[in-house]
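Biologist: I am new to this structure. Please take one part, look at it closely, and then show me what surrounds it.

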Amino acid sequence: MKSQKKKILVIEDDEIISDNLKNLLELQNYEVWVAENGKEGIDKAYIFKPDLVICDIMMPDITGFEVIEILSRENDLKQLPFLYLTALIDITNFRKGMNLGADDYIFKPYDSENLLLVIKNRLEKFELIRSIALEQKSNKNYQNESEKIIIKLGNKSYPLNYKEIIYLMAERQYSNVYTTGQKKFIIKKSLKNWEMILPKSSFIRIHRSCIININQVNKIEKNSLNQYSVHLNNSNNAIQVSRRFYKNLKKLSV
């Protein structure tokens, strides 16, 4: 399978330098976008979603310091490698840029071999950090989906996977738990307690007395009075949604 090109955004107001950089990086099989000022660079970063940014500091409209400060407010951009390309050899500017989150400084006139090495190292480090984060997220999602609860019926205990639950209906201090195996369990646990342990990505409350598994929704109906009801898998009866919990239906794209 052909690997996807790494994307680099160059923000530089000197056309000769930006053209040279573009040619150099494209020869190394990078996908390159160029912006001639800070504002254009910010706009293109939002669209392009680069893997690395090379940015001049002294630009007429928005400085490189302001560019990184604005981009760092975006969750999907604040972690990307940011390199300053500058003629300002000043410890104050260096510290300011690093404090804002810059990963490195490349001083003009730059050495092409050194620049490419810095880019390669920063991209590899960023890819490693991103892969670790994705793995952690995947593991967390897997753990949530595979969690089981032990329910007791008389003297016996049963492990029940959350995904097997279709819905829960409150009845005084008990909960009736309806499952995909067409089984009903009566458990001494309030819906408030269930809300604390059930994955919020899969379960929503649609009534004071009812929590449903959104993955088990078969159909949603809306009557002439603008009232919603939900039809669930393996269930013949529709469950009325109370107005108080209409907002939870957003998870069902209503």
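Modeller: One term comes before the rest: a residue is buried under 20% relative accessible area, exposed over 50%, and partly exposed in between, with a 1.4 Å probe and protein chains only. The model is predicted, so local features need pLDDT of at least 70 and side-chain atom pairs pLDDT 80 or more, while totals for chains, interfaces and linings use all residues. Residues are numbered from 1 along each chain as its sequence is written, and side-chain values use heavy atoms, without hydrogens or water.

Start with the whole chain. It has six helices and 15 strands. These are DSSP runs, numbered from the N terminus: helices are H or I with at least four residues, strands are E with at least two. Of the 254 residues in the chain, 39% are buried.

The part to look at is helix α2. α2 covers residues 38–48, and Gly38, Gly41, Ile42, Ala45 and Phe48 are buried there. Down the axis of α2, these buried residues fall within an arc of 145°, so they line one face of the helix. The arc is taken from the directions from the helix axis to the C-beta atoms. An α-helix has 3.6 residues a turn, so residues three or four places apart point the same way.

What does that buried face pack against? The buried residues of α2 pack against β1 (7–11), β2 (31–35) and α3 (64–71). Packing here rests on contact, meaning heavy atoms within 4.5 Å.

Now the two ends. At the N-terminal end, asparagine 37 is the cap of α2: a side-chain oxygen lies 3.2 Å from the backbone nitrogen of lysine 39. That is a polar contact: N or O atoms within 3.5 Å, where, within protein, one must be able to donate a hydrogen and the other to accept it, and residues adjacent in sequence count only if both atoms are side-chain atoms. After α2 comes lysine 49, with a positive phi near 50°.

α2 also holds a charged pair. Lysine 44 and glutamate 40 form a salt bridge at 2.9 Å, N to O. A salt bridge needs a side-chain nitrogen of Lys or Arg within 4 Å of a carboxyl oxygen of Asp or Glu. Both residues lie in α2, four residues apart, about one turn of the helix. Lysine 44 is partly exposed because its relative accessible area is 21%. Glutamate 40, at 24%, is partly exposed too.

Step across to β1. Lysine 7 lies in this strand. The side chain of lysine 7 reaches the backbone oxygen of phenylalanine 48 at 3.0 Å. Beyond its neighbours within four places in sequence, lysine 7 is in contact with Glu31, Phe48, Lys49, Pro50, Asp51 and Leu52. Lysine 7 is buried, yet has no salt bridge; aspartate 51, the nearest side chain of opposite charge, is 5.5 Å away. For charge, Lys and Arg count as positive and Asp and Glu as negative; His and the chain ends are not counted.

Lysine 108 lies in the loop between β5 (104–107) and α5 (112–146), and glutamate 12 in the loop between β1 and α1, so the pair ties together parts 96 residues apart in sequence. Glutamate 12 counts as buried, at 2% relative accessibility. Lysine 108, at 21%, counts as partly exposed.

Another salt bridge joins arginine 172 and glutamate 171, with the closest N and O atoms 4.0 Å apart. Arginine 172 is exposed, at 73% relative accessible area. Glutamate 171 is partly exposed, at 36%. Elsewhere, salt bridges that share partners join Glu12, Asp56 and Lys108 into one network.

Isoleucine 17 touches two of these residues' neighbourhoods. This residue sits in helix α1 (residues 15–27). Isoleucine 17 counts as buried, at 18% relative accessibility. Not counting residues up to four places away in sequence, isoleucine 17 touches Glu12, Leu85, Lys108 and Tyr110.
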